[in-house]
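I opened a new notebook page for this structure. My plan was to go from the overall picture down to single side chains.

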Amino acid sequence: MSHRVYKQRLYGQFARVAQALASERRLELIDLLAQAPRHVDALAAETEMSVANVSQHLQVLRAANLVETEREGTKVTYRLAGDDVLKLWLTLRLVGTERLPDIERIVQQFAVLGLEGATISPEELATQLAGGAVTLIDVRPSLEYHSGHLPGALSVPPDEMLQRLKALRRDRPIVGYCRGGFCLFADEAVALLRGEGVEAYRLDGGWPEWLAAGRAVEQAAAAR
C-alpha cells in the first residue's frame, strides 16, 4: 500500500470530525451537552430548533463518535462521548478567539456593563473556597446544576435570578459562574449584585473550563 493511499484514508477519518463540527447549530448542541446530558426535546427547546432538526444534527455528531446515547424509558439521552470531546470544543473556541477578531467584536457588542475588574481566576477561587471566604453561585439552569457543579455552589437559575439573589447573604464576596467564558448569565447576576453595592465577581471561564482542568466537582442527581 502506498503512502499516498494511507494518508488519504487517514486524513479522511480526521475530516469526519471536522465535518461534524462544521455547523453552528451542532456546536451549540455540543456546548449544551458540555453542561449536562439532555434528551432531544430539551435540546430542541433550548436551541429553538425543531425536534426533527435537532435529531438530524445529533445523528451527525453520533456518526463521528462525538456524542453517545443512553435510553431512559421512552426517551434517549445524549451526552458528550468523553472528556476529549469537551477539550476539543474548548480548544476550538480558544483558537477562534485568538485568530478571528470578529469574535471579540461580538463579545464586546453584547457585553454586560458594570463588570470592569470583576473577574476572579480559577486558582484564586479554589483558594477562597478552601478558606470559606466567598459565597459561590451557579447561574445555570437547574438541570445543569443538578448534573454537576463546583464544590459548595448554590443554585441560582436564570429564571429565578432576582428572587435567589435577594436571599443571598451579603457579608462576604459572592462569585458567580455559568456555562463558560461566553455565557452571559453570570455576567448579569454579578452586575446586578455590584449595582446594589455587593462585592461580587465573575469566575474567569465557567463550568466546562473548570471541569476540563480536572478540578474538584460535586455530582448530584442524574440529568432528566
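The entries below follow the order in which I looked things up.

**Entry 1: overall picture**

I noted at the outset that this is a predicted model. I counted the secondary structure and found eleven helices and eight strands. I then looked up the extent: along the principal axes, the C-alpha atoms fill a box of roughly 70 × 45 × 35 Å. The radius of gyration is 19 Å, which agrees with the value near 17 Å that a compact globule of 224 residues would have. I also looked up burial and wrote down that 39% of the 224 residues count as buried. For contacts between residues at least 6 apart in sequence, I found that 64% join residues at least 24 apart.

**Entry 2: the three-stranded sheet**

I went to the antiparallel sheet, which is open and has three strands in the order β1-β3-β2. I marked β1 and β2 as its edge strands, since each pairs on one side only. Helix α4 packs on this sheet and touches β2 and β3. I recorded the direction of α4 as making about 120° with that of β2.

Next I went through the pairings. Strand β1 (residues 38-39) is joined to β3 by two bridges, and the bridge partner of His39 in β3 is Thr77. Strand β2 (residues 67-72) pairs with β3 over six bridges. Among the residue pairs there, I noted Val67 opposite Leu80. The hairpin of β2 and β3 has two residues between the strands, and I found that Gly73 takes a positive phi near 70° in this hairpin.

**Entry 3: the five-stranded sheet**

The other sheet I looked up is open too, with five strands in parallel pairing and the order β4-β8-β7-β5-β6. Which strands stand at its edges? They are β4 (119-120) and β6 (154-155); each has a single partner strand, so one side of each is left without a neighbour in the sheet. Inside the order, I checked β5 (residues 135-138) against β7 (residues 174-177) and found four bridges in the parallel sense. Thr135 stands opposite Ile174 in this pair of strands. Helix α10 (residues 185-195) packs on the sheet, where I saw contacts to β5, β7 and β8 (200-203). The direction of α10 makes about 170° with that of β8.

I kept one general point in mind here: in soluble globular proteins, nonpolar side chains tend to be buried together. The largest nonpolar core has 24 residues, and I listed Val54, Leu58, Leu61 and Leu80 as those with the most contacts inside it. Each of α1 (3-21), α2, α3 (40-47), α4 (51-63), β3 (75-80) and α5 supplies at least two residues of this core. Helix α2 gives the most, with five residues. I then found a second, separate core of 15 residues, which includes Ala118, Ala191, Val198 and Ala200.

I went back to α2 (residues 24-33) and found it mostly covered, with seven of its ten residues buried. Arg26 and Asp31 are among these buried residues, along with leucines such as Leu27 and Leu29. I also looked up the surroundings of Leu61: beyond four places in sequence, it touches Ala20, Arg26, Leu29, Ile30, Leu66 and Val67.

Is Arg93 buried or exposed? At 11% relative accessibility, Arg93 counts as buried, because the cut-off for buried is under 20%. I located Arg93 in helix α5 (residues 83-99). Its contacts beyond four places in sequence are Asp31, Gly180, Gly181, Phe182 and Glu209. With Glu209, the Arg93 side chain makes a side-chain polar contact of 2.6 Å.

For Arg62, in helix α4, I found 39% relative accessibility, so Arg62 counts as partly exposed. Arg62 is in contact with Val67 and Thr69, leaving aside neighbours within four places in sequence. The side chains of Arg62 and Thr69 are joined by a polar contact of 3.3 Å. Last, I looked up Arg62 against Phe182: they are 120 residues apart in sequence and 25 Å apart in space, C-alpha to C-alpha.

Key:
Residues are numbered from 1 along each chain as its sequence is written. This is a predicted model: local features need pLDDT of at least 70, side-chain atom pairs count only at pLDDT 80 or more; totals for chains, interfaces and linings use all residues. Side-chain values use heavy atoms; hydrogens and water are left out. Buried means under 20% relative accessible area, exposed over 50%, partly exposed in between (1.4 Å probe, protein chains only). A polar contact is a pair of N or O atoms within 3.5 Å; within protein, one must be able to donate a hydrogen and the other to accept it, and residues adjacent in sequence count only if both atoms are side-chain atoms. Contact means heavy atoms within 4.5 Å. Two strands pair if DSSP finds at least two bridges between them. Axes are lines fitted to C-alpha atoms, for helices over the stretch in contact, and angles run from 0 to 180 degrees between N-to-C directions. A nonpolar core is a set of buried Ala, Val, Leu, Ile, Met, Phe, Trp, Tyr and Cys residues joined through side-chain atoms within 4.5 Å. The radius of gyration is taken over C-alpha atoms; the globule rule is 2.2 Å times the number of residues to the power 0.38.
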